[in-house]
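Please look over the model shown below, together with its sequence.

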Amino acid sequence: MDMSTPLPAAPLHVLLALSDGPIHGYGILQSVRERSRGAVKLGTGSLYRHLSKLIAAGLVAEAKPGPSADPRRGASYRLTPRGRQALAAERDRVAALLASLDAAARRMRRGSV
């Protein structure tokens with residue numbers, strides 16, 4: 001994945017779900033549904049396709065299970081340092097976009113557009 005281009009909605013929300021710490025697949029699905037308020041539709045199959053691509057890009061890794069991990073939950077996943085960088089780059093990109101939109105709105109209010 002090229003970190004210079006915007007992340008698509010589903011992979012971005014998967015990374016956001018992992019930003020709080022390691023989590024299993026079902027937890028990622030729940031987090032994406034909650035954080036996106038249902039706008040990002042992510043099924044089990046598409047989640048694991050996105051995870052596979054994020055792992056291949058070095059943004060996500062499988063987490064080592066802790067001693068109290070529920071074996072019925074399957075694998076857990078975590079952000080890598082590169083994944084944290086990707087989230088930070090996306091945050092900066094969106095902040096710059098919002099600043100541009102705010103400036104355009106101010107110009108429009110003044111009638112200079």
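## Terms and basis

A residue is called buried when its relative accessible area is under 20%, exposed when that area is over 50%, and partly exposed in between, with a 1.4 Å probe and protein chains only. Helices (H or I, at least four residues) and strands (E, at least two) are DSSP runs that are numbered from the N terminus.

The model is predicted, so that local features need pLDDT of at least 70 and side-chain atom pairs count only at pLDDT 80 or more, whereas totals for chains, interfaces and linings use all residues. Residues are numbered from 1 along each chain as its sequence is written, and side-chain values use heavy atoms, with hydrogens and water left out.

## Overall fold

The protein chain has four helices and three strands, and along the sequence these elements follow the pattern α-β-α-α-β-β-α. Of the 113 residues in the protein chain, 34% are buried. The accessible surface, computed by the Shrake-Rupley method with a 1.4 Å probe, for which only the protein chains shown count as cover of residues, comes to about 7300 Å², and 55% of this belongs to carbon and sulfur atoms.

Contact here means heavy atoms within 4.5 Å. Among the contacts in the protein chain with a separation of 6 or more, 54% are between residues 24 or more positions apart.

## Helix α2 and its surroundings

Helix α2 spans residues 25–35, and its buried residues are Gly25, Gly27, Ile28, Leu29, Ser31 and Val32. These buried residues pack against α1 (9–18), β1 (23–24), α3 (44–56) and β3. From helix α1, His13 is in contact with Val32, Arg35, Ser36 and Val40, leaving aside neighbours within four places in sequence; His13 is itself buried, with a relative accessible area of 14%.

Just after α2, Arg37 takes a positive phi of about 55 degrees. Most residues other than glycine have a negative phi. Arg37 is found in the loop between α2 and α3, and with 79% relative accessibility it counts as exposed.

## Salt bridges

A salt bridge is counted where a side-chain nitrogen of Lys or Arg is within 4 Å of a carboxyl oxygen of Asp or Glu, and by this rule there are three salt bridges. In one of them, Asp20 pairs with Arg35, the closest N and O atoms being 2.5 Å apart. Because Asp20 lies in the loop between α1 and β1 and Arg35 in helix α2, this pair ties together parts that are 15 residues apart in sequence. Asp20 is exposed at 66% relative accessibility, while Arg35 is partly exposed at 36%.

Glu90 forms a salt bridge with Arg93, with 2.8 Å between the closest N and O atoms, and the two are separated by about one helical turn because they are three residues apart in helix α4. Glu90 is buried, with a relative accessible area of 6%, whereas Arg93 is partly exposed at 32%. Asp92 forms a salt bridge with Arg91, for which the closest N and O atoms are 3.4 Å apart.

Thr80 is placed in the loop between β3 (76–79) and α4 (81–110), and at 11% relative accessibility it counts as buried. Not counting residues up to four places away in sequence, Thr80 touches Gly58, Leu59, Val60 and Ala61.
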